[in-house]
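The exercises below are meant to be worked through with the sequence and the model side by side. Try each task before reading its solution.

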Amino acid sequence: MSAFKSSADESALNDHSIDHDTVNHYSAAEHPRPPRREFKARGSFVTRCEGCNLPVLNCLCPYQVKAESVAQVWLLTHSIEHYKPTNTGRLIGDVLSETRIFTWYRTAPDAQLAALLKDPRYAPFVIFPDDQPDYADRVVGIEAVHAAKAQTRIPVFIILDGTWRQARRMFRKSAYLDALPVLPLRTERETRYRLRKPASKSHLCTAEVAIELLRQGGDTVAADVLDDYFEVFNDSYAASRLHHRIASPTAAMRRLLAQQEAAPIEI
């Protein structure tokens, strides 16, 4: 989820199963925090693909396609999100190899993230709405992303991956982000995400936020691939909830398969 999602998304806790390998991969090694208790909610006994974590009935793996982008996406993810199969942040990493995922901790920043924020090669932007006056002096527009590219710096979209309530707390409690510019996402897009119920159609999920930022920042090919991949994830997961297998490839599936066929063979 993203900072643009509502706390109504907490209802997604009814569709969890734990994937400890995923959590260990995404979490910072220097901040181990095992869950207080294991999730035993609806969906915990579904047989899932070890590669994509979707129900094997509609595995996502055949449609994974890599894309290149100048901008990067770094996810600052609330620890609870790692346990949600419906989390869309991981889709970004499936498509964009340079994606980085850090677990958010209240007491201290991830050491690797802290080091990267000091690296002059990167131009990081915190993605957050500009709805409060106390940080108005930090707010920039998408033109700042294009300016960073013109200076041969790598724009970085730091997306707070959690419910709206969690994201606001992460924004307020992360002093190491206070010096960074704040980039609000301005888009007419309405969410197509069907796996959690948002409070408003304007509340986009994490993958949708990344798609729009990439598109507005000029990485349109990567945005289109991620958009198709998100659509396949959305359709496949929704169908699996109804124990329905998608028999014929959808339009997005066909586009991704065509991308795979067109990709150069690595030697």
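**Exercise 1: Two residues in loops**

N53 lies in the loop between helix 1 (20-26) and strand 1 (72-77), where helices (H or I, at least four residues) and strands (E, at least two) are DSSP runs, numbered from the N terminus. This is a predicted model, in which local features need pLDDT of at least 70 and side-chain atom pairs count only at pLDDT 80 or more, while totals for chains, interfaces and linings use all residues. Residues are numbered from 1 along each chain as its sequence is written, and side-chain values use heavy atoms, with hydrogens and water left out.

Task: Is N53 buried or exposed, and is T152 buried or exposed?

Solution: Begin with the backbone, where phi of N53 is near 70°, a positive value in a residue other than glycine. N53 is buried, with a relative accessible area of 11%; buried means under 20% relative accessible area, exposed over 50%, and partly exposed in between (1.4 Å probe, protein chains only). T152 is exposed, with a relative accessible area of 71%.

**Exercise 2: Strand 4 and its partners**

Task: Find which residue in strand 4 stands opposite Q72, and trace how the chain crosses from strand 3 to strand 4.

Solution: Strand 1 and strand 4 run parallel and are joined by six bridges, two strands being paired if DSSP finds at least two bridges between them. Within strand 4, V156 stands opposite Q72. Six bridges also join strand 3 (residues 122-127) to strand 4, again in parallel, and here P124 stands opposite V156. The chain passes from strand 3 through helix 4 to strand 4 in a right-handed β-α-β crossover, meaning that, with the strands pointing away from the viewer, the path from the first strand over the helix to the second runs clockwise. Seven of the eight residues of strand 4 are buried.

**Exercise 3: Confidence**

Task: Over which residues does pLDDT stay under 50?

Solution: The mean pLDDT of the protein is 84, and 81% of its residues reach 70 or more, pLDDT being the predictor's confidence in each residue, from 0 to 100. Over residues 6-32 pLDDT stays under 50, and the model has 69 contacts (heavy atoms within 4.5 Å) beyond four places in sequence for them. Residues 34-42 also have pLDDT below 50, with 14 contacts beyond near neighbours in sequence. Where pLDDT is low, the predicted coordinates should not be read in detail.
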